[in-house]
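Here's a quick briefing for anyone meeting this structure for the first time. Take a look at it, then read on for the main points.

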Protein chains: 2
Amino acid sequence: MSTAIARRGLMLVLSSPSGAGKTTLSRRLLETETGLTLSVSVTTRRKRPNEAEGVDYFFVTPERFEAAVQDDELLEHATVFDHRYGTPKGPVMQALAQGRDVLFDIDWQGTQQLKEGAREDLVSVFVLPPSHDELERRLKTRAQDSDEIVARRMAKAADEISHWAEYDYVIVNDDIVQAQTRITAILAAERLRRTRQVGLSDFVRGLMR
Amino acid sequence: MSTAIARRGLMLVLSSPSGAGKTTLSRRLLETETGLTLSVSVTTRRKRPNEAEGVDYFFVTPERFEAAVQDDELLEHATVFDHRYGTPKGPVMQALAQGRDVLFDIDWQGTQQLKEGAREDLVSVFVLPPSHDELERRLKTRAQDSDEIVARRMAKAADEISHWAEYDYVIVNDDIVQAQTRITAILAAERLRRTRQVGLSDFVRGLMR
């Protein structure tokens, strides 16, 4: 038995340096949290063999990407390693209005831009690795990467970490199950925020009759 | 295995109309949540037979209460039904500094005053009854109360409910176990807020070395 009160969805942003376990966390959350869908980004970078169009990314030409920027079809966009990445606006706005939550796997640049347009809907979580050594170890275990790529990743990780203080919540991923439990609690709590429960006024009116 | 990061405690305020189950919820939370202690209020009203000094309230004379107000020993105080109620400041400040959380079972007047002095530490939750009929039924089942007292309680309940929109979170108590689970999630999430994890700067410095 549960009283259903209409609510507005939220935008759950997960950011972290590469190697902090964010991708695994995102996948687990999407598997267990009903009503949570992933925002699929659009990008100009080339599809990797293990990626699928419309699942991992929408892969587009630089020209198509620029047109989307000009037509205000993106919530945020950024350039990373000479490639452009962006978040399509339409599907997100529709989900929020229907009370569904949207997960964003984006970096600090994207988060800052999302904040500008949708501060009230945003819940931002920064995921930290448990230690410097563990971060280094995780970045080096991607065998297909060259030393140069690893070095660039390490520099980018340090840059990303330096933005931790711009997030609402910070969790340390020293145990994937515990980290998931923590994000689940954040999601459960944020869904109970008064400002998201748009049906409360009607409900209270019924109580006071 | 869990990385311990020093944090500042929080003040969890539960408010609700009488008969919404707040007292039961408070008791259950105190039993299950480690590190959560109840803020014991001071009052000028007379002790009831089932109450204990220093557990339910600190019972004092009007003169002692007034002295505490004058000496700024109270975080908030209010008058309800000709009796004065207040929250001693010292124990709360000590708990927060030690990373312990404090539960407040207070009304909207007390919550407003707490907000003025400690907005950053405050997490406020309003508990609503599931329906008008259920609220009425719960208020009437206290056999020892006169009709006049019940009528006053009903008026006070309506007054209290009218302040729901001043709270951070709102939950409907249609199932005590679910309501407790929800408050536990709010507590878990709020403990992960960046601003409460005062040890994060040091931790990140270690990551970036």
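Let's start with a sheet in chain A: an open one of four strands, in the order S4-S3-S6-S5, with mixed pairing. Keep in mind that this is a predicted model.

- At the edges sit strand S4 (57-59) and strand S5 (74-80) of chain A, each of which pairs on one side only.
- Ignoring direction, neighbouring strands here are turned by 25° against each other on average.
- S3(A) and strand S6 (residues 83-88) of chain A are antiparallel partners, paired over two bridges.
- To find that pairing in the model, look for A:Thr43, which stands opposite A:Tyr85 in S6(A).
- Helix H3 (residues 89-97) of chain A packs on the sheet and touches S5 and S6 of chain A. The direction of H3 in chain A makes about 30° with that of S6(A).
- Helix H4 (residues 108-118) of chain A also lies across S5 and S6 of chain A, and runs at about 160° to S5(A).

**One residue to look up: A:Ser41**

- You'll find A:Ser41 in strand S3 (residues 41-43) of chain A.
- Is A:Ser41 buried or exposed? A:Ser41 has 21 C-beta neighbours inside 10 Å, so it counts as buried; the cut-off for that is 20 or more.
- Leaving aside residues up to four places away in sequence, A:Ser41 touches A:Tyr57, A:Tyr85, A:Gly86 and A:Thr87.
- A:Ile186 is 145 residues from A:Ser41 along the chain, and the C-alpha atoms of the two are separated by 23 Å.

**A strand on the inside: S1 of chain A**

- Strand S1 (residues 11-15) of chain A has five of its five residues buried, so it is largely enclosed by the rest of the structure.
- In a regular strand, side chains alternate between the two faces of the sheet.
- For S1(A), both faces are covered. One side has A:Met11, A:Val13 and A:Ser15, the other has A:Leu12 and A:Leu14, and all of these are buried.
- S1(A) runs parallel to strand S8 (residues 122-128) of chain A, and five bridges join the two. In this pairing, A:Ser15 has A:Phe126 as its bridge partner in S8(A).
- S1(A) also runs parallel to strand S7 (residues 101-105) of chain A, this time with four bridges. Here A:Met11 has A:Val102 in S7(A) as its bridge partner.

**Where the two chains meet**

- How many residues does each chain bring to the contact? Chain A gives 39 residues and chain B gives 39 residues.
- On the chain A side, the elements giving two or more residues are helix H5 (132-140), helix H6 (147-161), strand S9 (169-172), helix H7 (176-191) and helix H8 (200-208) of chain A.
- The largest share of that side comes from H7(A), with seven residues.
- Sorted by class, the side of chain A that touches chain B has 24 nonpolar, seven polar and eight charged residues.

**The four-stranded sheet of chain B**

- Chain B has an open sheet of four strands in the order S4-S3-S6-S5, and the pairing is mixed.
- Its edge strands are strand S4 (57-59) and strand S5 (74-80) of chain B, each pairing on one side only.
- From one strand to the next, the twist averages 25°.
- Strand S3 (residues 41-43) of chain B pairs with strand S6 (residues 83-88) of chain B in the antiparallel sense, over two bridges. B:Val42 stands opposite B:Gly86 in S6(B).
- Helix H2 (residues 62-70) of chain B packs on this sheet, where it touches S3, S5 and S6 of chain B. The direction of H2 in chain B is at about 45° to that of S6(B).
- Helix H3 (residues 89-97) of chain B lies across S5 and S6 of chain B, at about 30° to S6(B).

**Two packed helices in chain B**

- Helix H1 (residues 22-32) and helix H7 (residues 176-191), both of chain B, pack at an angle of about 60° with their axes 10 Å apart.
- That makes H1(B) and H7(B) oblique to each other, and their crossing is right-handed.
- B:Thr24, B:Leu25, B:Arg28 and B:Leu29 in H1(B) meet B:Ile176, B:Ala179, B:Gln180 and B:Ile183 in H7(B).
- By class, this contact has five nonpolar, two polar and one charged residues.

How values were computed
Residues numbered from 1 in each chain as written. Chains lettered and ligands numbered in written order. Predicted model: local features only at pLDDT ≥ 70, side-chain atom pairs only at ≥ 80, totals over all residues. Axes fitted to C-alpha atoms, helices over the stretch in contact; angles between N-to-C directions. Parallel < 35°, antiparallel > 145°, perpendicular 65-115°, else oblique. Left-handed = near helix turned anticlockwise from the far one by under 90°. Contact = placed C-beta atoms within 7 Å. Nonpolar A, V, L, I, M, F, W, Y, C, P; charged D, E, K, R; others polar. Buried ≥ 20, exposed ≤ 12 C-beta atoms within 10 Å, placed from the backbone. Pairing = 2+ DSSP bridges.
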